[in-house]
Amino acid sequence: MPVSHAEEGYVTADGRQIGGTLMEMKNITLRFGGVVAIKDISFDIRDGEIRAIIGPNGAGKSSMLNVISGFYVPTEGDVYFKKVKRGPMKPYEVARLGIARTFQNIALFDGMSVLDNIMTGRLTMIKSGLLSQALWYGSAAREEYAHREKVERIIDFLEIQNIRKTPVGRLPYGLKKRVELARALAAEPKLLLLDEPMAGMNVEEKEDMSRFILDLNDEFGTTICLIEHDMGVVMDLSDRVVVMDYGRKIGDGTPDEVRNNQDVIDAYLGVAHD
Amino acid sequence: MPEAKAATAEPQSIPALLARNVQRYGGLPAFREKEFGIWQSWTWTQANEEIRAIALGFLSVGVERGDSIAVIGRNRPRHYWAMIAAQMCGAIPVPLYQDAVADEMAYVLEHCGARFVVCGDQEQVDKVIEIGDRVQGLKHIAYTDKRGMRKYDHAKMNSLADLQAQGIAGHYRYGTELDERISELNYDTTCVMLYTSGTTGKPKGVVLSNRNIIETAKNSVGFDKLNALDEVVAYLPMAWVGDFIFSMGQAMWAGFTVNCPESAATMMTDLREIGPTYFFAPPRVFEGQLTNVMIRMEDAGRVKKWLFDHFMAVARKVGPSILDGKPVGVLDRMHYALGNLFVYGPLKNTLGFSRIRVGYTAGEAIGPEIFEFYRSLGINLKQLYGQTEASVFITQQPDGQVRNDTVGVPSPGVEVKIGDNGEVYYRGPGTFVEYFKNPESTASTKDPEGWVATGDAGYFEPETGHLRIIDRAKDVGKMADGRLFAPKYVENKLKFYPSILEAVVFGNGRDRCAAFINIDLTAVGNWAERNNIAYASYQELAGHPKVYEMIRGHVAEVNRSIASDPILAGCQIHRFLILHKELDADDGEMTRTRKVRRNIVAEKYADLIAALYDGRDSIYTETEVTYEDGRKGKITATLNIADAEVAPEQRRAA
């Protein structure tokens, strides 16, 4: 089977060198009781690429993302991260592996400031103990300065300096989405999972968000896997696209290949059954 | 020039002043910038090293004497450094408005013959690349912010930091050359070239020499006794002459610290953190701040609201007198001191004005209430009158002689006279050299004796010797019955109402005046909220009958006040309409410094003006708008036209 082992990577249309396989999904099936959410899907995510998962409502995209993030354990099939087979994991173990995500419905702490929310993204990296943190003594202070600096770079990157101290609950939707992205970035992920990053945004906000995604891929070399409904955005942003429908994979390839795939066209436009 | 030769001991260029400051103030902060949430600072010694590195970098990419180096970006220390570095190389810095669309930028870059461009970020680089083929001889682009730049073709481009590194690496090769070029600079060398936004026609490049800038800085620093411990916040466009004088000329002469905000959006927070001692803002900034304070006070609790109202009344009564050092009773002084403890102190702190010694406003007339508000708090806010061609200062108000309706006495070294037609003329050390590549305009503006026409009509008050400006000389016209028509005078009166953002008055050669009104979305939106008025868009709010009613009240008040002025009584507004969109610089309706382009507005909205005069109650109109990225769209609306109450004229016994 020609699934993996094509290790050399490839060069994208805009000239970026994409590395070898970062994550590989092999024959994944996910069942909830009698409901089959994902049916025998295999694909890979290469190092440094922007990979999109698209499909009509209920196609199983979010379930797939949850399998990638380790939140769901597949009923059948294996997940390989950096060529190591992955078993069931706790959320903090996922974070330590270098996988971070944002959510379809924003999941931030409303009462906390933007800065504090982003700082939570670095929780797994804080090493000093409870006591020294409470006393704000020695290593705890030094460590927080270092983390704060990293967080400030992200704030600068996402251009949210003006809301640094604003409680998240007071922000409009588009900015909350950006803060969520900031928190995910704070974990310095190798692989960033974005669940509908543009949902509910207006054209201008979408353009901003697209630019941030492209820039962070370029700037930090972060591999990105995203789910998105806006076809224009997906086709512009991503290097390769997986198309799902009713839990099955019906297409996989570059945006152009996918656009011309008859199965994909049928799934999106509907097909006459006689 | 003999006098210039005699004074060789004095520094005769900005780079020479920099060297002097390194010796005198070496360890004091020269520049600060908030980045990554922290104020980063550079001492004069450190700044000098950075600037020299940029200059060496410029030499390494082949900057020649007399080349133009354009700087496009927000206020950042690196951009100021790039300008000084350009001067060191014998080149001419040309700061550009960063919000200009590509077309406007192309004209200026082409006109000044820019061979090198320093861009703030990717957005500016994109614009320069877009117009690159139209601008002949563009050799190299340096950018400050590296973000998003990785994939660009770097054959003729690199980051400013890399340019610095390249310069430092080559300092043996270029060092002597650079020192030689610095030593060639004198009072007659061009210090900077600034493009005036121009209320009519294409922008003109105003050439200012080192003499203009340094002499003006020296005089004005002396006038307000500024020193090396003062602090300013640099936030106004770098392409504007005011910023160049305050953040460059005066800062270099007095040796004070220039603080750059983190971004435009954080300006108010950064202002509060720095607490400048010397501050300049156009009236709209003060207006905006006051509006915000008032909006927040509306939402405050009853006790706080009472405290605020009570002590503000006290402040209005005695505050300005205390500030001017006039005699004030002991009881009033104590009352004011109490107010300072409870209200003025905390309020000034919130606004970032706790430490202000000298504050200036200029560019437009400031509303009397706004001006009084700040002065009554004990903020020494003054007015000045100036223009690019004068290196800013023409007249300014001395401490203790501050009034709302005048612009002060002639600045030190500047002569001012009033022409036969009422136009104001000046000449002085800051008077510009010429308009770049435009001898006709130079000749028509500056006469052989050095007098420059300001284009403004005004007169000196006989009692005080203060200058009073009425209007633009060319806008002052005659009504059909021969009475004086001064639109700006009326517009300013209208704009003093918080709900009115802009107004354009018509009536030249006609029998009565009519006006366009732009509402202020913040103020009117808040008012609508408090009065339970629902609206979905700017357009809907602007057309709301209740809003019309409110504006109608304002217009009637303005009419009453105009009616009492015997000279301008003919300018009362008979009919008005509220525009469905804000006047915008992107649509060419305003200049980048937000001054209305009267002719363009009159041309574009000719149908609306016709409707104002033919008695119709409403009109359907289509308007083309330009979005920030240069695309165009159309908005349509049906506008109502309202009649305004006209007051009977009070004819004084002549």
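## Ground rules

This is a predicted model, so take every value here as computed: local features need pLDDT of at least 70, side-chain atom pairs count only at pLDDT 80 or more, and totals for chains, interfaces and linings use all residues. Residues are numbered from 1 along each chain as its sequence is written, while chains are lettered from A and ligands numbered from 1 in the order in which they are written.

## Chain A at a glance

Chain A comes with 10 helices and 12 strands; helices (H or I, at least four residues) and strands (E, at least two) are DSSP runs, numbered from the N terminus. Its radius of gyration is 20 Å, close to the 19 Å that the globule rule gives for 274 residues, so chain A is as compact as a globular protein of that length. That radius is taken over C-alpha atoms, and the rule is 2.2 Å times the number of residues to the power 0.38. Along its principal axes, the C-alpha trace of chain A spans about 70 × 40 × 40 Å.

Of the 274 residues in chain A, 37% are buried. Here "buried" stands for 20 or more other C-beta atoms within 10 Å of a residue's own, "exposed" for 12 or fewer, and "partly exposed" for anything in between, with C-beta atoms placed from the backbone. Take the contacts in chain A with a separation of 6 or more, and 68% of them come from residues 24 or more positions apart. Two residues are in contact if their C-beta atoms, placed from the backbone, lie within 7 Å.

## Chain B at a glance

Chain B has 22 helices and 28 strands. Its radius of gyration is 26 Å, close to the 26 Å from the globule rule for 654 residues, so chain B too is as compact as a globular protein of its length. The C-alpha atoms of chain B fill a box of roughly 80 × 65 × 55 Å along the principal axes. Buried residues make up 47% of the 654 residues, and residues 24 or more positions apart account for 64% of the chain B contacts with a separation of 6 or more.

Chain B is split into domain 1 (2–209 + 227–260), domain 2 (283–470) and domain 3 (477–643), with bounds from an automatic or database domain assignment. The centres of domain 1 and domain 2 of chain B, taken over C-alpha atoms, are 30 Å apart. Their contact takes 14 residues from domain 1 and 12 residues from domain 2.

On the domain 1 side, helix H5 (102–112), strand S8 (190–196), strand S9 (204–209) and helix H10 (241–254) of chain B each supply at least two residues. S9(B) gives the most, with six residues. By class, that side has eight nonpolar, five polar and one charged residues; Ala, Val, Leu, Ile, Met, Phe, Trp, Tyr, Cys and Pro count as nonpolar, Asp, Glu, Lys and Arg as charged, and the others, Gly among them, as polar.

## Cores and a helix face

The largest nonpolar core has 133 residues, and Ile69(B) and Ala85(B) have the most contacts inside it. Domain 1 and domain 2 of chain B both give residues to this core, so it lies between them. Apart from it lies another core of 63 residues, including Ile50(A) and Met209(A). A nonpolar core is a set of buried Ala, Val, Leu, Ile, Met, Phe, Trp, Tyr and Cys residues joined through C-beta atoms within 7 Å.

In helix H6 (residues 122–130) of chain B, Gln124(B), Val125(B), Lys127(B) and Val128(B) are buried. Seen down the axis of H6(B), they fall within an arc of 160 degrees, so they line one face of the helix; the arc is that of the directions from the helix axis to the C-beta atoms.

Asp40(A) is partly exposed, with 14 other C-beta atoms within 10 Å.

Val392(B), also not a glycine, has a positive phi near 75 degrees. Val392(B) sits in strand S15 (residues 392–396) of chain B and is buried, with 29 other C-beta atoms within 10 Å.
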